[in-house]
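Dear colleague,

Please find below the structure that I am handing over to you. My notes on its aromatic rings follow.

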Amino acid sequence: KLRNTLRWLLGSLHHYSDETRVPHDEMPELERYVLHRLAELDETVRKGYADYDFKRVMTAVFSFATVDLSAFYFDIRKDALYCDPASSRTRHACLTVLHEIFAHVTTWLAPMLPFTMEEVWLSRFPEDEGSVHLLAFPAVDAGWRDEALADKWRKVRRVRRVVTGALEIERAGKRIGSSLEAAPVVYVDDPELRAAVEGVDLAEISITSQAGLGEGDAPAYAYRLEEVPGVAVAFALAEGRKCARSWKILPEVGSDPDYPDITPRDAKAMREFEAAKIAAE
């Protein structure tokens, strides 16, 4: 599992460039939340090594890689990385964060997984004199810590758990094959949870084509999760046509006459790609 996470990081970072780094204060909230988690983990890792508590370090980093990254952040940002235009600020911010994740995770685990981390490091930086074992743990910017933002996104993730559960029920019942076929309506009675998700793109974090925040009482058939009271999800199918590039189902697919089978976002990405290809020739 860890090797797959690192392999995905390596593939995505092929597109990273120092010239397109995004400053912390210009990043979307999701990226700043992940950097906060990195800062939290840095403290845990350094204390663990200082106390010779290697099991604690390994458990913390592995959990971060699987729960925070693979099952959450990577899953959400695959759409932006794969389908956004090359000039997308969100895409550049994500790549900036992936660069930081790579530097921290590889050096943190190098003392315990020396061969694997050396292989990963040299796959990205194939230098004759290079080695991950010649590096110290990267310093963490104090500005990455943001407890208020972290508290908000912990609540967002709780709401997301209910949406994910509702989608799994629909997938198991063969009513959808992919979450992108869905357009859930999320009802949040808990005032703190509702305040947290207001303004958040629910479709983006739920990996659905469309999503909305419901008003009033949730219908009786809505999906609920006992561990997250105050949240209910009413399932609905996404409306529109399927984008041939991103696979999202949206009404605006085909609105660009030059690209009749994709969304305007994807059409912009294709124009940039084709312009870059012509320039390279």
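The charged end of Arg157 lies over the ring of Phe72, at 4.2 Å from the ring centre. A charge is taken to sit over a ring if NZ of Lys or CZ of Arg is within 6 Å of the ring centre and within 35 degrees of the ring normal. Arg124 likewise has its charged end over the ring of Phe102, 5.0 Å from the centre.

The model is predicted: local features need pLDDT of at least 70 and side-chain atom pairs count only at pLDDT 80 or more, while totals for chains, interfaces and linings use all residues. Residues are numbered from 1 along each chain as its sequence is written, and side-chain values use heavy atoms, leaving out hydrogens and water.

The whole structure contains 10 aromatic pairs (rings of Phe, Tyr and Trp, the last by its six-membered ring, with centres within 6.5 Å; planes under 30 degrees apart are stacked, over 60 edge-to-face, the rest tilted). One of them joins Tyr33 and Trp153, whose ring centres are 6.2 Å apart with planes at 20°, so this pair is stacked. Because Tyr33 belongs to helix α2 (residues 29-50) and Trp153 to helix α6 (residues 147-172), the pair ties together parts 120 residues apart in sequence. Helices here are DSSP runs of H or I with at least four residues, numbered from the N terminus. Tyr33 and Trp153 are both buried (under 20% relative accessible area; exposed is over 50%, partly exposed in between, with a 1.4 Å probe and protein chains only).

Tyr49 and Phe54 have ring centres 5.9 Å apart and planes at 55°, so they form a tilted pair. Tyr49 is buried at 14% relative accessible area, whereas Phe54 is partly exposed at 38%. Tyr49, Tyr52, Phe54 and Phe137 make up one aromatic cluster.

Yours sincerely

Technical notes: Helices (H or I, at least four residues) and strands (E, at least two) are DSSP runs, numbered from the N terminus.
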